[in-house]
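I opened this notebook to record what I looked up in the structure shown below. The entries follow the order of my reading.

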Amino acid sequence: MAVKKKSSGQSASIAIEDPAAHEPKLDPRHCKFRLRLAPSAIHRWGVYAEERIPPYRKIIEYTGERISRREAKRRGERRLHYLFTLDSYWTIDGAVGGSGAEFINHCCEPNVQSQVVKGHILYKSMRWIEKGEELTVDYHFPHDVEKVPCACGASACRGTINLKD
Ligand SMILES: [Zn+2]
């Protein structure tokens, strides 16, 4: 399972300073099922299934600008929810050229999981997902960075998006 990590520091010369300014949209070229963006009770926008999705199917690729660990740090915590740590060096910034997968919210009991295949981040269904259901993934923030409260509402909610120590 790939890990989404937060990094600290201030962004400097990037075009999009505020994550809220990142216009929510889905790129149909990367969607394998009919999906829809809509406001979410979990956090701002969410991605919803517009048709029933069987288990273990590729739903959408998480795309974005490929940046180094140092650059990810520089872009900082304001873009927390759009930075996906691919490996020990590369991070994908979904706020730049994102497919819309960056709007999939965290949940402690998710219905989607990420899989890294040859440098591509694929979001796959973990079970049947009903039409109208919000897609969620476990961001797996590390335990040793600033704690981010979780509002996923799952019965097994950890209380934070970070993993427990
Ligand atoms: Zn939770």
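I began with a definition: two strands pair if DSSP finds at least two bridges between them. Helices (H or I, at least four residues) and strands (E, at least two) are themselves DSSP runs, numbered from the N terminus.

I noted that this is a predicted model, in which local features need pLDDT of at least 70, side-chain atom pairs count only at pLDDT 80 or more, and totals for chains, interfaces and linings use all residues. Residues are numbered from 1 along each chain as its sequence is written, and side-chain values use heavy atoms, with hydrogens and water left out.

**Entry 1: overall layout**

I found one helix and 10 strands in the protein chain. Along the sequence, I read the pattern as β-β-β-β-α-β-β-β-β-β-β. Of the 165 residues, 50% are buried; buried means under 20% relative accessible area, exposed over 50%, and partly exposed in between, with a 1.4 Å probe and protein chains only. I then looked up contacts (heavy atoms within 4.5 Å). Among those between residues at least 6 apart in sequence, 65% join residues at least 24 apart.

**Entry 2**

I asked in which sense strands E1 and E2 pair. Strand E1, residues 35-39, and strand E2, residues 45-49, are antiparallel and share five bridges. Leu 37 stands opposite Val 47 of E2. The two strands form a hairpin with five residues between them. In that turn, Arg 44 has a positive phi of about 40°.

**Entry 3: the nonpolar core**

A nonpolar core is a set of buried Ala, Val, Leu, Ile, Met, Phe, Trp, Tyr and Cys residues joined through side-chain atoms within 4.5 Å. I recorded 33 residues in the largest one. Those with the most contacts inside this core include Leu 35, Ile 59 and Tyr 123. The elements that give two or more residues to the core are E1, E2, strand E3 (58-62) and strand E9 (120-125). The largest share, three residues, comes from E3.

**Entry 4: Ile 53**

I located Ile 53 in the loop between E2 and E3. Ile 53 counts as buried because its relative accessible area is 0%. Leaving out residues up to four places away in sequence, Ile 53 touches several others, among them Leu 35, Ile 59 and Trp 128.

**Entry 5: the zinc site**

Which residues coordinate the zinc ion? I listed the SG atoms of Cys 108, Cys 150, Cys 152 and Cys 157, at 2.3 to 2.4 Å. Donors are N, O and S atoms within 2.8 Å of the metal (3.2 Å for Na, K and Ca); water is not among the atoms, so sites may look incomplete. The donor residues are spaced C-x41-C-x1-C-x4-C in sequence. Cys 108, in the loop between E7 and E8, and Cys 152, in the segment after strand E10 (136-137), link distant parts of the chain, 44 residues apart.

**Entry 6: Asn 111**

Asn 111 lies in the loop between strand E7 (105-106) and strand E8 (112-117).
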